[in-house]
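Let's take a look at how the aromatic rings pair up in this one, and then at a charged residue. Here is the model.

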Amino acid sequence: MRLCVCLVLLSILCAGADMSPLGGGGKFVLDALGGARDMFRAYQDMREANYKDADKYFHARGNYDAAQRGPGGAWAAKVISDAREKWQSDVSGRGAEDTRADQEANEWGRNGGDPNRYRPAGLPSKY
């Protein structure tokens, strides 16, 4: 469902753009799709690792990887991160402090900061 929403928004943004795979609009869309995939991979890794205090690391890593693709990837990372934090704060009842800390890690990664800043000691090297 979230992917469908992102695709609709991307199509609206790029309606008048050059949609060839090498054109500006097409590159934005491809980067956004790749960024969404990066975010999903970080989420899967976080679930698989199930490691105490690793949440912020995976937030930063997903945003970092997505943003490295370019403006489309950074856009996808921001949309996904903001939506996830909004949902978690509304539904899960997590505190505002935790949401703020997650968003700080999201922005750190999206702005090119090293995700390892948030890496907990002992997290397996495969992540």
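## Ring pairs

The count of aromatic pairs comes to 3, where rings of Phe, Tyr and Trp (its six-membered ring) pair if their centres lie within 6.5 Å, and planes under 30 degrees apart count as stacked, over 60 as edge-to-face and the rest as tilted. Here are two of them:

| Pair | Centre to centre | Plane angle | Type |
|---|---|---|---|
| Phe28 and Trp75 | 5.9 Å | 50° | tilted |
| Phe58 and Tyr127 | 5.8 Å | 80° | edge-to-face |

Phe28 sits in helix α2 (residues 24–49) and Trp75 in helix α4 (residues 71–92), so this pair ties together parts 47 residues apart in sequence. Helices here are DSSP runs (H or I, at least four residues), numbered from the N terminus. Phe58, in helix α3 (residues 55–67), and Tyr127, in the segment after α5, are 69 residues apart. Both Phe58 and Tyr127 are buried, meaning under 20% relative accessible area with a 1.4 Å probe, protein chains only (exposed is over 50%, partly exposed in between). Ring pairs also link Tyr57, Phe58 and Tyr127 into a cluster.

A word on the ground rules: this is a predicted model, with local features needing pLDDT of at least 70 and side-chain atom pairs counting only at pLDDT 80 or more, while totals for chains, interfaces and linings use all residues. Residues are numbered from 1 along each chain as its sequence is written, and side-chain values use heavy atoms, leaving out hydrogens and water.

Now for Arg110, which belongs to helix α5 (residues 96–110). Arg110 is buried but has no salt bridge, with Glu107, the nearest side chain of opposite charge, 4.8 Å away; a salt bridge needs a side-chain nitrogen of Lys or Arg within 4 Å of a carboxyl oxygen of Asp or Glu.

Key
Helix = DSSP H or I, 4+ residues; strand = E, 2+ residues; numbered from the N terminus. Lys, Arg positive; Asp, Glu negative; His and termini not counted.
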